[in-house]
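Here's a protein chain to look through together. Have the sequence and the 3D view open as you read.

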Amino acid sequence: MQQNIPTPMKKNVSVLLIANYRMVQEGFKLLIESNKDLTVAAIRSLDEKIDLSDFVATPDVAVIYLARHDRVEVISDLLRLMPDLRIIVTVAGDNLDLQATALELGAVGIVHEDQSPSLLIEAIKQTYAGETWLNQVLLDRIMKRNKPSRNSDNRGFGKFDASLGTEQLTKRELDVLKLIGDGFKNKQIAQSLLISEPTVRSHLSSIYGKIGVNDRLNLVIKAYQLGLLHFPQPSSVV
């Protein structure tokens with residue numbers, strides 16, 4: 001199985017911007033292109049049909065602005081057209097259902113409109129490099145909402161096989177997994193465990209293969225389902 005190894009940053013990461021409002025479109029374009037490593041390849045509305053012939057080269061990352069009643073299925077439409085596209089959703093308000101659906105359809109990052117603009121730039125860079133960009137409290141809430149009951153068929157974020165050989169994870173791999181569950185990025189994991197970033201990536205590749213996933217988001221989801229990660233106590237959730 002091919003693993004989703006973080007991609008080295010390249011100059012001029014190509015961004016597809018999708019939003020329904022002209023002010024949002026222009027504001028996001030100015031913000032994104034204020035960073036010398038990012039270029040907006042195209043701007044589209046949510047209802048516009050997108051064709052690969054529109055681009056000289058396939059975009060690397062898509063940033064989609066979604067309000068409460070916007071069509072979230074644009075995510076799956078884009079991924080059918082461009083399977084390797086990394087999708088970040090910027091959301092208005094605190095609509096948990098919309099955010100959960102965005103993740104289920106394949107988004108790898110969620111940024112709220114009231115967060116610092118610099119976080120959107122960082123999210124683009126991190127997701128392009130193969131990371132996910134999620135608020136840990138949000139992920140906990142979504143996972144709790146979708147946590148399968150004993151009598152369920154494990155719907156919500158896909159089925160999983162409880163017989164997977166997770167006992168084959170080494171102690172160091174479990175250490176890496178726990179830090180991923182805490183929201184740590186590769187550099188932070190390396191610093192915490194006193195190892196190099198290439199070693200972290202090597203551990204991640206091994207964990208992906210043993211648990212049967214291709215990316216960080218699905219790793220966290222399946223690790224929760226398998227009991228390898230645990231929900232925080234209520235007092236720790238804000």
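What follows is a walk from the whole chain to one strand, its neighbours and a few aromatic rings.

This is a predicted model, in which local features need pLDDT of at least 70, side-chain atom pairs count only at pLDDT 80 or more, and totals for chains, interfaces and linings use all residues. Residues are numbered from 1 along each chain as its sequence is written, and side-chain values use heavy atoms, with hydrogens and water left out.

**The whole chain**

Let's start with the big picture. The chain has nine helices and five strands; here helices (H or I, at least four residues) and strands (E, at least two) are DSSP runs, numbered from the N terminus.

Of the 238 residues in the chain, 48% are buried. Buried means under 20% relative accessible area, exposed means over 50%, and partly exposed is in between (1.4 Å probe, protein chains only). The accessible surface, worked out by the Shrake-Rupley method with a 1.4 Å probe, comes to about 12,300 Å², and carbon and sulfur atoms own 50% of that. As for contacts (heavy atoms within 4.5 Å), take those with a separation of 6 or more: 68% of them are between residues 24 or more positions apart.

Now find strand E4, residues 86–91.

Which strands pair with E4? They are E3 and E5, as the table shows. Two strands pair if DSSP finds at least two bridges between them.

| Strand pair | Bridges | Direction |
|---|---|---|
| E3 (residues 61–66) and E4 | six bridges | parallel |
| E4 and E5 (residues 109–112) | four bridges | parallel |

To spot these pairings, look for Ile-64, whose bridge partner in E4 is Val-89, and for Ile-88, which stands opposite Gly-109 in E5.

In H2, the residues Val-74, Ile-75, Ser-76, Leu-78 and Leu-79 are buried. Their cover includes E1, E3, E4 and H3.

**The aromatic rings**

How many aromatic pairs does a search of the whole structure find? The search turns up two. Rings of Phe, Tyr and Trp (its six-membered ring) pair if their centres lie within 6.5 Å; planes under 30 degrees apart count as stacked, over 60 as edge-to-face and the rest as tilted.

Tyr-21 and Tyr-65 are edge-to-face, at 6.3 Å centre to centre with 85° between the planes. Tyr-21 lies in the loop between strand E1 (13–18) and helix H1 (22–33), and Tyr-65 in strand E3, 44 residues apart. Tyr-21, at 40% relative accessibility, is partly exposed, whereas Tyr-65, at 10%, is buried.

The rings of Phe-28 and Tyr-65 have centres 6.1 Å apart and planes at 90°, so this pair is edge-to-face. Phe-28 belongs to helix H1 and Tyr-65 to strand E3, so the pair ties together parts 37 residues apart in sequence. Both Phe-28 and Tyr-65 are buried. Put together, Tyr-21, Phe-28 and Tyr-65 form one aromatic cluster.
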